[in-house]
Amino acid sequence: MSNLKVGTVQKIGNRNYIILDIQDDNVICITENFVYENIIFDEDLNDFAQSSILKKLNTEFLSELEESVGKENIEEQVIDLTAMNGSPEYSSIKCKVGLITYDKSRKYHNILKQYQRNLNDWEFTATPWATPNDGNLKYSVCCLLPNGNVINHYCYYYCGVRAFCIFKSNIFES
């Protein structure tokens with residue numbers, strides 16, 4: 001663990017992960033590159049808890065990850081789904097693989113900006129722009145641009161997806 005440094009890249013399985021934080025016995029990471037490109041968030045809903053992208057991340061991608069590090073080494077996380085406008089309608093969700101939220105992207109901005117410019121597309125976050133009770137922005141999701149800016153984008157348009165995960169620190173020990 002002493003080799004691990006926040007802001008560095010670590011290879012896990014076949015992918016590179018950016019180490020965003022180290023807390024207790026856990027390492028918070030996001031894939032350096034997209035795990036899915038040109039993919040929709042969902043057909044008609046900006047609620048990450050109900051989205052097709054959540055299902056894909058926690059089936060197809062999770063299987064790949066479990067083969068690399070073992071089921072027991074991937075921690076369940078709680079993702080806050082409060083909308084950009086503050087609406088708490090979607091509450092939160094527990095899952096093993098998620099998307100970064102707007103709040104977490106702000107928290108880790110100084111680390112992410114070093115790698116963001118290498119991405120060739122917009123990136124979905126788990127944060128809705130608004131919720132159905134808030135009017136006509138019910139399809140909008142908060143996205144990150146390669147230059148680090150934030151924008152709203154429709155859930156049925158195509159963007160990139162990076163996996164946000166929490167690993168037990170023992171996978172990094174030789």
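**Exercise 1. Salt bridges**

How many salt bridges does the structure hold?

*Solution.* The model is predicted. The structure holds 5 salt bridges.

Step 1. Take Glu64 and Arg15. Their side chains meet in a salt bridge, N to O 2.8 Å. Glu64 sits in helix α1 and Arg15 in strand β2, 49 residues apart. Glu64 is partly exposed at 28% relative accessibility. Arg15 is partly exposed at 22%.

Step 2. Take Asp21 and Lys107. Their side chains form a salt bridge, N to O 3.8 Å. Asp21 belongs to strand β2 and Lys107 to helix α2 (residues 102-107), so the pair ties together parts that are 86 residues apart in sequence. Now apply the cut-offs: buried is under 20% relative accessible area, exposed is over 50%. Asp21, at 16%, is buried. Lys107, at 53%, is exposed.

Step 3. Take Lys168 and Glu75. The closest N and O atoms of this salt bridge are 3.8 Å apart. Lys168 is in strand β12, while Glu75 is in the loop between α1 and β5 (77-80), 93 residues away. Lys168 is partly exposed at 32%, and Glu75 is partly exposed at 22%.

**Exercise 2. The open sheet**

Which strands stand at the edges of the open sheet, and why is one side of each left without a neighbour?

*Solution.* Step 1. Write the order: β1-β2-β3-β12-β7, 5 strands with antiparallel pairing.

Step 1. Read off the ends. β1 (9-12) and β7 (97-98) are the edges; each has a single partner strand, so one side of each lacks a neighbour in the sheet.

Step 2. β3 (residues 26-31) and β12 (residues 164-168) pair over 5 bridges, antiparallel. Val27 stands opposite Phe167 in β12.

**Exercise 3. Strand β8**

*Solution.* Step 1. Count: 6 of the 6 residues in β8 (residues 123-128) are buried.

Step 1. Recall the rule. Side chains alternate between the two faces of the sheet in a regular strand.

Step 2. Find the partner. β8 pairs with β9 (residues 140-144) over 3 bridges, antiparallel. Phe124 stands opposite Cys143 in β9.

Definitions and conventions: Residues are numbered from 1 along each chain as its sequence is written. This is a predicted model: local features need pLDDT of at least 70, side-chain atom pairs count only at pLDDT 80 or more; totals for chains, interfaces and linings use all residues. Side-chain values use heavy atoms; hydrogens and water are left out. Two strands pair if DSSP finds at least two bridges between them. Helices (H or I, at least four residues) and strands (E, at least two) are DSSP runs, numbered from the N terminus. Buried means under 20% relative accessible area, exposed over 50%, partly exposed in between (1.4 Å probe, protein chains only). A salt bridge is a side-chain nitrogen of Lys or Arg within 4 Å of a carboxyl oxygen of Asp or Glu.
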